[in-house]
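Please keep the model in view while reading.

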Amino acid sequence: MKYFEVEYLFKGQRNRKLFRAPNRNDALTMAKINNPGVILKVTESSPPAEEQLNILKEKIVNAAVGGGIKMPALIAAIRQLSVMTDAGISIHDSIKEVANATTDKRLKAIFMQADDDLNSGLSLTESLINHQHQLGDVTLALIELGESTGNMSESLNKLAQILEEIWENKQKFKKAIRYPITVMVAICVAFTILMVYVVPKFKSIFDKFKSELPLPTKILLWMEEAINNYGLYILAAIIGLIILGRYLYANNDNFKSNFDKYILKVYLIGDIVFFSTMSRFNLVFTELVRAGIPIADALDTALLTIGNTYLKHKLGGVKVSVQRGVSLTKAFKETGLHEGMLIQMISAGEQSGSLDLMLEKVTDYYKSRFNDIIDNIASYIEPILIGFIAAIVLLLALGIFMPMWDLAKAVKG
């Protein structure tokens with residue numbers, strides 16, 4: 001989220017007001033909703049010192065209590081809204097009922113605010129855009145689709161399915177990596193204990209050697225010295241780098257752009273990011289096309305679901321190409337993100353008039369690839385895990401026993 005200063009004219013006087021929004025267009029929309037007067041310009045600004053302090057407090061509180069809207073609560077609320085609107089109950093009454101029923105405090109506050117906004121004449125999309133960073137871009141995109149098509153019940157039902165699928169994939173991913181992470185942590189703890197308590201005892205023996213120590217032993221002794229003398233500093237530096245990286249990712253566009261580009265090249269992680277992003281993008285895009293939304297507008301809304309800057313830039317070029325009159329098939333082909341088989345399917349859909357059906361198959365392909373990675377992630381990580389364990393054991397064995405062998409030879413000699 002960024003801060004934007006809106007300069008406006010009210011009763012003949014120039015005034016300024018600060019808005020927090022993901023981009024300039026959203027800030028402009030929020031300014032219009034608040035109706036400050038005649039808007040003159042919108043410029044990006046840094047948050048005031050008081051606001052920075054409040055944000056820091058909010059982050060500390062959220063970290064302490066596990067902040068953020070819980071996904072199961074959001075899914076349950078969306079499903080309840082879908083059922084109620086399908087039964088013919090107005091969206092206003094449905095929102096009020098969900099606000100009373102949900103146990104999530106943050107979600108309750110959002111829906112109560114939405115109830116007030118609906119009473120004042122705002123649409124649901126205009127009301128929830130202020131909470132986009134909490135609800136997510138997918139939620140806003142599908143709610144906007146429901147309002148634009150007039151079929152809110154179906155859009156909410158599809159939204160609940162998407163959120164449920166995202167939640168299940170996250171749970172499957174956490175479950176799959178739990179064992180490898182446990183093993184890695186156990187190895188690191190054991191290695192640290194060896195460095196702190198065991199290796200120093202051998203060091204006193206090695207110091208008595210007048211001969212040159214082998215390279216593995218030198219590495220082991222260097223690591224022992226680093227951990228024992230600078231262990232806390234190293235740990236603090238690692239934590240500091242993580243915090244700095246997260247800060248730069250959230251606040252520095254250039255850093256985020258480079259990180260998003262190179263993360264796609266990392267083994268396994270790149271595939272997870274790519275296939276999950278493409279699956280979500282194509283799923284929303286397919287639903288928008290099926291609802292009769294123009295291609296350019298559908299692309300614009302579907303792009304909101306993409307968090308990776310590199311992929312967003314690539315797929316954003318599709319909209320530009322389509323607006324220039326280029327076919328959707330050629331525009332997707334130019335991105336280089338789709339395989340030849342998928343391009344042929346999109347082309348067949350364009351030519352036969354069944355684009356939504358072919359896009360659904362493309363979505364299913366990306367979904368199956370993503371699920372395959374998640375379901376078999378343990379087998380993908382296993383070779384790395386074995387290699388890491390082997391390297392640690394080999395270093396310890398060679399570092400400790402090679403000097404012993406040299407000592408034994410010297411005694412025999």
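Helices here are DSSP runs of H or I with at least four residues, and strands are runs of E with at least two, numbered from the N terminus. This is a predicted model, in which local features need pLDDT of at least 70, side-chain atom pairs count only at pLDDT 80 or more, and totals for chains, interfaces and linings use all residues. Residues are numbered from 1 along each chain as its sequence is written, and side-chain values use heavy atoms, with hydrogens and water left out.

Thr217 is part of helix α10, residues 215–251. Its relative accessible area is 0%, so Thr217 is buried (under 20%; exposed is over 50%, partly exposed in between, with a 1.4 Å probe and protein chains only). Apart from neighbours within four places in sequence, Thr217 has contacts (heavy atoms within 4.5 Å) with Phe206, Leu398, Gly399 and Pro403.

Helix α9 covers residues 152–206. Met195 lies in α9 and is also buried, because its relative accessibility is 0%. Beyond four places in sequence, its contacts include Pro200, Leu220 and Leu396. Met195 and Leu396 are 201 residues apart along the chain, yet their C-alpha atoms are separated by 9.7 Å.

A nonpolar core is a set of buried Ala, Val, Leu, Ile, Met, Phe, Trp, Tyr and Cys residues joined through side-chain atoms within 4.5 Å. The largest has 75 residues, among which Phe285, Leu315, Leu328 and Phe332 touch the most other members. Helix α12 (residues 269–290) gives this core its largest share, 10 residues. A second, separate core has 14 residues, including Val199 and Leu396.

How values were computed
The expected span of a helix is 1.5 Å times one less than its number of residues.
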